[in-house]
Amino acid sequence: MVATNPYRGMVSSLDYDEFDALCAAVAERRCRNLVGAGTLDEAADLWRPRPACPSCGFPDCARDGRTPAGRRRWRCPICGSAFSALTGTVLEYSKKELPVWERFVTCMCYNAPIDLIAEVCEIRHKTAFEWRHRVFATVDGYQDRLVLSGRVWIDELYLTDTDIVRSADFAQKRGLSKNKICIAVAIDAFKNAVVVICGHGKPSSKRIKDALLSHIAPGSVIVHDMERSHPALVKAARCTDEAYRADLNDPAYLEAMQFVNSLCSWLRRYLFRFPGMKKGNLQSYLNWFVYLFRVRRDEEKWPKTARVLRHLLMSDSCYRSSW
Ligand SMILES: [Zn+2]
């Protein structure tokens, strides 16, 4: 026998406004159960308990009533600025509450299409698009400090540059031409990845060094496919190397390079989801890919949605609406 739901009668007797209020309360509760906070204020208390002054950086500010929007206000004793805990984060001007962001972030963790995200989160397409770039702003420069070590596999991946292909004087050239954007890819045995744009066409030694040198710890073993530019990187990074001639029929090559080849095919599949992407935004998409790669790697330790939300609250990121 199916147990009767004791709330059914109560819910069906509510009018539209009451029902909306109930839904909001339920969403808040559900979000609190999931990520530990149900509202943006709760999230701010949890993840930004003592916000530094966004104007001068002074760390020890005091509570000072509430902002006109009802958020807790802080005041800086040095420069006098008043601010909320969300000031200087990408959530500062959000008109939506945390449960909507929770759904949005969950969708972003699966790289769902913008139309689907807008539908699921009940926000406008334009808002969903803007939010995606707000999230991207928080991973801007994320890869700058990543350093791979131990065994490090490197490779390149090439994408057609649609800006060039669509231009009026475009002529298709054979082979790997300058029409392709080169993306340098590296991954180590700890599954730390680095994915950065590396100019057009096959990389020179200088380009591959510019792209990867700062991301590889000295003393590592660089595993690569004998691309001409690689030895200069190995030398400059003070590493040793293992090289395999790129040959898809050679089991030794496939086995040695499987790790980085898989990363390249995940990356390709990921990028195919954004066919209308502007080239100027490509590095942002790559940063998000690398960030998410790490979030997913650690998912058993840190549930991904809560981790990304916490990251959004803790990042002092400026969103530029030029996208
Ligand atoms: Zn200040």
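What percentage of the 323 residues in the chain is buried? In this predicted model, buried residues make up 30% of the chain. The secondary structure comes to 12 helices and eight strands, and the C-alpha atoms fill a box of roughly 70 × 60 × 50 Å along the principal axes. Among contacts between residues at least 6 apart in sequence, 57% join residues at least 24 apart.

**Domains and the nonpolar core**

- The chain is divided into domain 1, residues 13-141, and domain 2, residues 143-272.
- The centres of domain 1 and domain 2, taken over C-alpha atoms, are separated by 37 Å.
- The largest nonpolar core has 68 residues, of which Ala184, Val185, Ala186, Val195 and Leu212 touch the most other members. Strand E5 supplies the largest share of this core, with seven residues. Because domain 1 and domain 2 both give residues to the core, it lies between them.
- Ala186 illustrates the contacts made by one of these residues: leaving aside neighbours within four places in sequence, Ala186 is in contact with Leu148, Val152, Trp153, Ile154, Ala193, Val194, Leu212, His215 and Ile216.
- As a general background, nonpolar side chains tend to be buried together in soluble globular proteins.

**The five-stranded sheet**

- Five strands form an open sheet with mixed pairing, in the order E6-E5-E4-E7-E8. Strand E6 (193-200) and strand E8 (240-243) are the edge strands, and each pairs on one side only. Neighbouring strands of this sheet are turned by 25° against each other on average, direction ignored.
- Strand E4 (residues 151-160) runs antiparallel to strand E5 (residues 180-188), and nine bridges join the two. Within this pairing, Asp155 stands opposite Val185 in E5.
- Six bridges join E5 to E6, and these strands also run antiparallel. Val185, one of the core residues named above, stands opposite Val195 in E6.
- By contrast, E4 and strand E7 (residues 221-224) run parallel and are joined by three bridges. Arg151 has Val221 as its bridge partner in E7.
- Helix H10 (residues 251-271) lies across E4, E5, E6 and E7, and runs at about 35° to E4.

**The three-stranded sheet**

- Three strands form an open sheet in the order E1-E2-E3, with antiparallel pairing. Strand E1 (62-66) and strand E3 (82-84) stand at the edges; each has a single partner strand, so one side of each is left without a neighbour in the sheet. The twist averages 40° from one strand to the next.
- E1 pairs with strand E2 (residues 72-75) in the antiparallel sense over three bridges. Trp74 in E2 is the bridge partner of Arg63.

- Two of the 20 residues of H2 are buried, so the helix lies largely in the open. Just after H2, Gly36 takes a positive phi of about 95°.
- Helix H6 (residues 125-137) has 13 residues and reaches 19 Å from its first C-alpha to its last, close to the expected 18 Å.
- The buried residues of H6 are Ala128, Trp131, Arg132, Arg134, Val135, Phe136 and Ala137. What covers these buried residues includes helix H4 (98-109), helix H5 (114-121), helix H11 (282-297) and helix H12 (304-314).

**Loop residues with positive phi**

- Glu122 has a positive phi of about 55° although it is not a glycine, and lies in the loop between H5 and H6. Glu122 has 9 C-beta neighbours inside 10 Å and therefore counts as exposed, the cut-off for that class being 12 or fewer.
- Lys191, in the loop between E5 and E6, is a residue other than glycine with a positive phi near 60°. Lys191 counts as partly exposed because it has 14 C-beta neighbours inside 10 Å.

Conventions:
Residues are numbered from 1 along each chain as its sequence is written. This is a predicted model: local features need pLDDT of at least 70, side-chain atom pairs count only at pLDDT 80 or more; totals for chains, interfaces and linings use all residues. Helices (H or I, at least four residues) and strands (E, at least two) are DSSP runs, numbered from the N terminus. The expected span of a helix is 1.5 Å times one less than its number of residues. Two residues are in contact if their C-beta atoms, placed from the backbone, lie within 7 Å. Domain bounds come from an automatic or database domain assignment. Two strands pair if DSSP finds at least two bridges between them. Axes are lines fitted to C-alpha atoms, for helices over the stretch in contact, and angles run from 0 to 180 degrees between N-to-C directions. A nonpolar core is a set of buried Ala, Val, Leu, Ile, Met, Phe, Trp, Tyr and Cys residues joined through C-beta atoms within 7 Å.
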